[in-house]
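Here is a short report on a multi-chain model. Keep the structure open while reading.

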Amino acid sequence: MITTIASVVPLQLADRVLISLTSISGLVLVASGLTIIFGLMGVLNLAHGALMMVGAYTAYAVQSAGFSPWLGIVIAPLVVGLIGVAMEVTLIRRLYDRPLDTLLATWGIAIVLQEAVTIAFGTSQKSVAPPIEGSVSLLGVTYPAHWAFIIVVTIVVMAITIGLFAYTDIGIMALAVIQDREMASAVGINTRVSDRTTFGFGSALAGLSGAIMAPLLSVNSTMGIAWLADSFLVVIVGGVGTFTGTIAGGILLGGLDNLFRTVISGYTSIAQAAVLVVALIIIRYRPQGLIPAGERGE
Amino acid sequence: MATADAAVDLKTPGEIAKLAGLLALVALPLFVSEYQVSTWSTYLTFALLALSIDLVWGYTGLLTLGHAAFFGAGAYVTAKLLKEVPAVPDAAVVFVVAPAFAALLTLGLGWFLFSADVKGSYFAITTLIVSIIFESVAGEFVGFLGGFNGIYGVPSIQVVGFELTATMSYYLALGILVGSYLFLRLLVGSAFGRVLRGIRGNQERTEFFGYDTQRYRLIVFTLSGAMAGVAGSMYATIDGFVSPPLLGFVLSTQVVIWIAVGGRGTLIGAVFGAILIQYLNSTLSDVLINYWEMGLAVLFIAVVIGAPRGIVGLLSDTVEGVQTSLDSANRGDLGAGGELDD
Amino acid sequence: MTDTEPLLRAEGLTKRFGEFTAVDDVDFTVQPNETKALIGPNGAGKTTFQNLLTGKLSATEGTITFDGEDVTHVSPHERAQRGIIRKYQITSVYEDETVLENMRLAFRSRASSPWELLRTHDDSDIRDRIEELLSIANLHDEQHTTVGTLSHGEKQWLEIVMAVGAEPELLLLDEPTSGISVGETDDTVDLIEEIRSKENVAIVVIEHDMDFIRKVSESITVLDRGEIIASGTIDEIENDETVQRIYLGEAADA
Ligand SMILES: Nc1ncnc2c1ncn2[C@@H]1O[C@H](COP(=O)(O)OP(=O)(O)OP(=O)(O)O)[C@@H](O)[C@H]1O
Ligand SMILES: [Mg+2]
C-alpha cells in the first residue's frame with residue numbers, strides 16, 4: 001500500500017484524515033480499471049498491477065526525455081490502453097469461458113511486462129516528479145498539492161466512468177455485451193469491438209493511475225504486485241461489478257490501513273497483514289461484498 | 001493412460017522414461033560437485049512442493065496460489081527447532097512436526113474457505129493473500145523469526161549424533177520425493193482420486209451423487225499442506241537458510257508455472273517441470289538474464305492457452321498416437337483402472 | 001415401513017425469492033416404487049421444487065419427510081446418501097471423463113467413506129452392473145468415449161443411468177427429453193420403462209410432453225405458478241378445465 005505517504009508527514013488528526021483520504025483515493029483510482037475488467041467483464045486480470053507499473057514507467061520515460069509531467073499523464077493511459085487492447089486481441093479473447101486459465105495467462109503477461117521494463121530501464125528505483133509542485137493549505141495543515149490532485153483526479157475519473165456506463169451509448173452497449181453476449185450480437189452489436197474497447201478502457205485507467213501515483217511511490221518493476229492484491233481486494237470486498245462498491249471497498253480497506261498503522265505503529269507490515277486478514281474474513285462471510293451488484297445472472 | 005495406473009507397467013514408454021529419469025537422479029551425485037549436489041537437493045524439495053500443489057490444483061481443480069506459505073511454515077519451524085531446541089530429534093522435526101504444523105494451517109484455512117464453498121478464482125485469490133500475509137508477518141518478527149534477514153545457519157539433519165552429508169541429504173530428499181510420488185499415484189488412481197476429478201470436473205454433480213465434497217477437499221488440501229511442510233523442512237536443513245520469500249506469493253506462483261509447463265494433473269509433470277525449469281533457471285538466467293524469465297513466461301502463456309496438459313501431455317499424446325496406430329486392438333477392455341487421468 | 005407410508009412427503013413446501021413465490025405451499029407424496037409425473041408451464045416452479053427436495057435450495061417454509069425421517073435441513077450429499085438422486089434439467093455429467101469413468105464415479109457414491117475409496121483400486125465388482133446399465137442406455141460401445149463428444153441425447157441417457165447406478169430410492173428426472181430428437185425421445189421412454197421394470201425405485205419425472213408422460217406414468221401432478229392446481233390420472237388431467245386453460249393459453253402465447 002502507500003507506504004511512502006504515511007512516512008512523510010508528522011501525524012496529527014487533520015494530517016491523518018488527509019493521508020487517509022489520499023490513500024483511499026489512490027486505492028480507488030488504481031482499482032477503478034479492475035472494476036471494469038474484473039468487476040464488469042469478469043476477467044481475472046493478474047496483469048493489472050503490471051499495467052499500472054507500465055503507466056508509472058511511461059510517466060518516468062516522458063519526464064526523463066525532457067517533457068512536462070502533464071504529457072506523461074496523457075500518454076500513459078494511451079500506451080497502457082493499447083497494451084490492453086493487444087492483450088485482449090491475442091489472449092483474453094480466447095479465454096472468456098476459462099476463468100482460471102485467464103488468471104494464469106494474465107499472470108504470464110504480468111511477468112513479461114515486468115521483465116520487459118527491467119530490460120528497458122534496469123533494476124534501480126526511479127523517481128517521478130509530480131505535475132503540480134508546491135502545497136495547499138487544507139484544514140489548517142499544509143498539504144502537498146499533488147495529494148489534493150490525486151483526490152480530485154479520482155473523483156473525476158469515477159464520475160466520468162460511472163457516467164460513461166450509465167448514460168452513453170457506448171457504455172450501455174458495453175454493459176449489454178457483458179451481460180448477454182448472444183443477445184447483444186443478435187441485436188447487431190459488434191461484441192468483439194465492444195469487448196476490446198472495454199478492456200482497453202480498463203487498462204487505460206490502470207495506466208493513468210500508475211502515472212498519477214508514480215510521484216508518491218518508489219517506481220520499480222515489481223511495484224505492481226502489492227497494488228494488484230490491493231486492487232482485487234478493494235473490488236471484491238466492495239462488491240464485484242459496481243463502482244460504488246469499489247469506492248466503499250477503497251474507503252474500508254484504505255481507512256483500516258491507516259487506522260491499523262496508527263494503532264500498531266512501528267509495525268507497518270503487521271498493519272498491512274491485519275487489513276488483509278479483515279479482507280479475507282469479509283470475502284469468507286460476505287462474498288457478495290459490501291455493496292453487491294443486484295441480481296446478475298447465476 | 002499409463003501415467004496414473006496404480007499398477008506399474010514397466011513396458012510403456014512413459015514408465016521407461018520415468019525410470020530413466022530416476023536412474024539419472026540416482027547417479028547424479030557421482031558426476032557433480034558437492035555444492036551442486038546441494039543445489040539439486042533443493043530442486044527436489046521444490047519438486048515435492050510442486051507435487052503437493054498438483055494434487056490440489058491438477059486433480060481437484062483448486063488453484064492454490066499460496067502454497068509457499070505452508071512450505072515456508074515447514075521451513076521456519078524446522079529452522080527454529082533445529083537451531084534452538086536440540087532436544088527434539090531432527091527426524092521427528094522433519095517427518096512429524098513440520099508436516100503436522102503445515103497440515104494444521106491448511107486444515108484451518110481449508111475449513112475456513114471450504115465451509116463457505118470458496119472455490120475457483122476466489123480460492124486462488126484468497127490463498128494468494130494468505131501467502132502475502134505470511135510473508136509480511138515473517139518479515140516483521142525480527143527477534144523471533146529474523147525479520148527480512150531470515151534465519152541463518154540451520155544445521156543439517158543429525159541421526160543419532162551423526163550429521164548427514166550433502167549427498168546423504170540428497171538421497172533422503174530423492175527418497176521422499178519418489179515415495180510421495182508413488183503414494184500420490186496410488187491415491188489418484190484409486191476411487192478416491194476419481195472423486196477428486198469429479199470435484200474438479202463438476203463439483204455440484206459430485207455433491208448430489210452423495211459425496212461430501214467439502215470433506216474430500218479438506219482431506220486433500222490438508223494432505224498437500226503436510227507434503228509442502230515436509231518439503232520446506234527438508235529445504236531448510238539442506239540450504240541452511242530460511243527467509244520470508246520462502247513463504248511468499250512469488251514462489252507460490254512460480255511453482256504453479258513449473259507445474260503448468262510440465263503438465264498439470266499428471267503428477268510426473270509437476271516433478272518434471274519443477275526440476276527442468278529450476279535447472280534451466282540456474283544455467284540460463286546468467287546468460288540470458290531477464291530474457292530467460294520473459295521466455296519462460298511466454299512459454300507459460302502458450303501452454304495455458306494451447307496445451308493445458310503441458311509438456312508431459314504433449315509427449316504422451318505423441319507416444320499414444322504412435323502406439324494406437326501400431327495396435328488399436330488393445331483398447332476396449334473394461335478392467336484397467338483410471339484410463340482417464342493424465 | 002408399511003405400504004401406505006409414503007417414501008417421500010412434502011408438506012406445505014414453500015420457496016420465496018424475495019417477494020416472488022416460486023413454490024407455494026405444495027403438498028406432495030411419493031409411494032415406494034411409484035412413478036409420478038410433474039408437469040406445468042415454463043417457470044411453474046418444477047425445477048425449484050426439485051431443488052428443494054434435493055437440498056440445493058432450502059425451503060422457506062414446510063417440511064420434507066423421506067423414509068420416515070425429516071430431511072428438511074439435511075445437506076444435499078446426505079440426502080443423496082439416503083437415496084434421493086437427481087438428473088438435472090440441463091445435463092450435468094463429467095464432460096472431460098470417459099463414459100466408463102462417469103459410471104464408476106456414480107456407482108461408488110454409496111460406498112462413500114473416503115478411506116474406503118482410498119483403498120479401492122479395482123472396479124471389477126461393479127463391472128457387470130455398469131455394463132448392464134450401459135446396455136439399457138445404448139451406450140455399451142461408448143465406454144471409452146469422452147463424454148464431451150457424445151450427443152445431447154446420449155448425455156441425457158448417461159446421466160439417467162448414472163443416477164440409477166447411485167442406487168436411488170427416489171429418482172428425480174428433470175425433463176429427460178428436453179432438447180433431443182423424436183427418435184431419441186422414444187429411446188428415452190424405453191430406458192425409463194426398463195428402469196421401472198427392473199429397478200426398485202420411485203421416480204418423479206418432470207416433463208412438458210404429454211405423449212411422453214402418457215407412456216411412462218399414470219399419476220400426474222400439475223404445477224402452475226408454484227401451486228398444485230390438479231392431480232390425478234392422465235385422463236382426468238387432460239379433461240381438467242384449469243389445466244386446459246393454462247396449456248391452451250400457453251399455446252396461444254407461443
Ligand atoms: N435462484 C433463483 N432466484 C430467483 N428466482 C428464481 C431462482 N430460481 C428460479 N427462480 C424463478 O422461479 C420460477 C420457477 O422457476 P423453475 O426453474 O422452477 O421453473 P420450471 O417449472 O422448472 O420451468 P421450466 O419448465 O422452464 O424448466 C421462475 O420464475 C424463475 O425465474
Ligand atoms: Mg425447470
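Axes are lines fitted to C-alpha atoms, for helices over the stretch in contact, and angles run from 0 to 180 degrees between N-to-C directions. Helices (H or I, at least four residues) and strands (E, at least two) are DSSP runs, numbered from the N terminus. This is a predicted model, in which local features need pLDDT of at least 70, side-chain atom pairs count only at pLDDT 80 or more, and totals for chains, interfaces and linings use all residues. Residues are numbered from 1 along each chain as its sequence is written, chains are lettered from A and ligands numbered from 1 in the order in which they are written, and side-chain values use heavy atoms, with hydrogens and water left out.

**A helix pair in chain A**

Two packed helices are described by the angle between their axes and the distance between the axes. Take helix 4 (residues 69-90) and helix 9 (residues 191-213) of chain A: their axes come within 7 Å and cross at roughly 140°. The crossing of helix 4 of chain A and helix 9 of chain A is right-handed. A crossing is right-handed if the near helix is turned clockwise from the far one by less than a right angle, and left-handed if anticlockwise.

Contact means heavy atoms within 4.5 Å. On the helix 4 side of chain A, the contact residues include A:Gly72, A:Ala76, A:Gly84 and A:Glu88. On the helix 9 side of chain A, they include A:Asp195, A:Arg196, A:Gly200 and A:Gly207. The residues of this contact divide into 12 nonpolar, six polar and three charged. Here Ala, Val, Leu, Ile, Met, Phe, Trp, Tyr, Cys and Pro count as nonpolar, Asp, Glu, Lys and Arg as charged, and the others, Gly among them, as polar.

**Helix 5 of chain A**

Helix 5 (residues 99-121) of chain A has 23 residues and should span 33 Å; its end C-alpha atoms are 32 Å apart, which agrees. Helix 5 of chain A is mostly covered, with 18 of its 23 residues buried. Buried means under 20% relative accessible area, exposed over 50%, partly exposed in between (1.4 Å probe, protein chains only). A:Gly122 follows helix 5 of chain A and has a positive phi, near 80°.

**Annotated transmembrane regions**

An unreviewed UniProt entry lists "transmembrane region" for chain A, including residues 17-39 and 145-178. For chain B, UniProt (unreviewed entry) places the feature at residues that include 121-148 and 168-196. UniProt positions are given in the numbering used here, feature names are shortened, and annotations may be inferred rather than shown by experiment. The table compares these spans with the model.

| Span | Helix | Strand | End C-alpha separation |
|---|---|---|---|
| Chain A, residues 17-39 | 100% helix | 0% strand | 28 Å |
| Chain A, residues 145-178 | 97% helix | 0% strand | 39 Å |
| Chain B, residues 121-148 | 86% helix | 0% strand | 30 Å |
| Chain B, residues 168-196 | 97% helix | 0% strand | 35 Å |

**How the chains meet**

Which chains share the most contacts? Of the two pairs of chains in contact, it is chains B and C. No contact joins chain A and chain C; their closest C-alpha atoms lie 11 Å apart.

B:Asp117 has a positive phi near 55°, in a residue other than glycine. B:Asp117 sits in the loop between helix 4 (90-114) and helix 5 (120-140) of chain B. B:Asp117 is partly exposed, at 33% relative accessible area.

C:Glu167 also has a positive phi, near 55°, and is a residue other than glycine. Its loop runs between helix 6 (152-165) and strand 7 (170-174) of chain C. C:Glu167 counts as partly exposed at 46% relative accessibility.

**Points within chain C**

C:Val30 belongs to strand 2 (residues 20-30) of chain C. C:Val30 is buried, at 0% relative accessibility. Leaving aside neighbours within four places in sequence, C:Val30 contacts residues that include C:Leu7, C:Lys36, C:Leu170 and C:Val204.

C:Ile220, in strand 9 (residues 219-224) of chain C, is buried with a relative accessible area of 0%. Beyond four places in sequence, its contacts include C:Ala37, C:Ile39, C:Ile213 and C:Ile237.

C:Ala59 lies in the loop between helix 1 (46-54) and strand 4 (61-66) of chain C. C:Ala59 is partly exposed, with a relative accessible area of 23%. C:Ala59 and C:Leu13 are 46 residues apart in sequence, yet 6.7 Å apart in space, C-alpha to C-alpha.

Methods: The expected span of a helix is 1.5 Å times one less than its number of residues.
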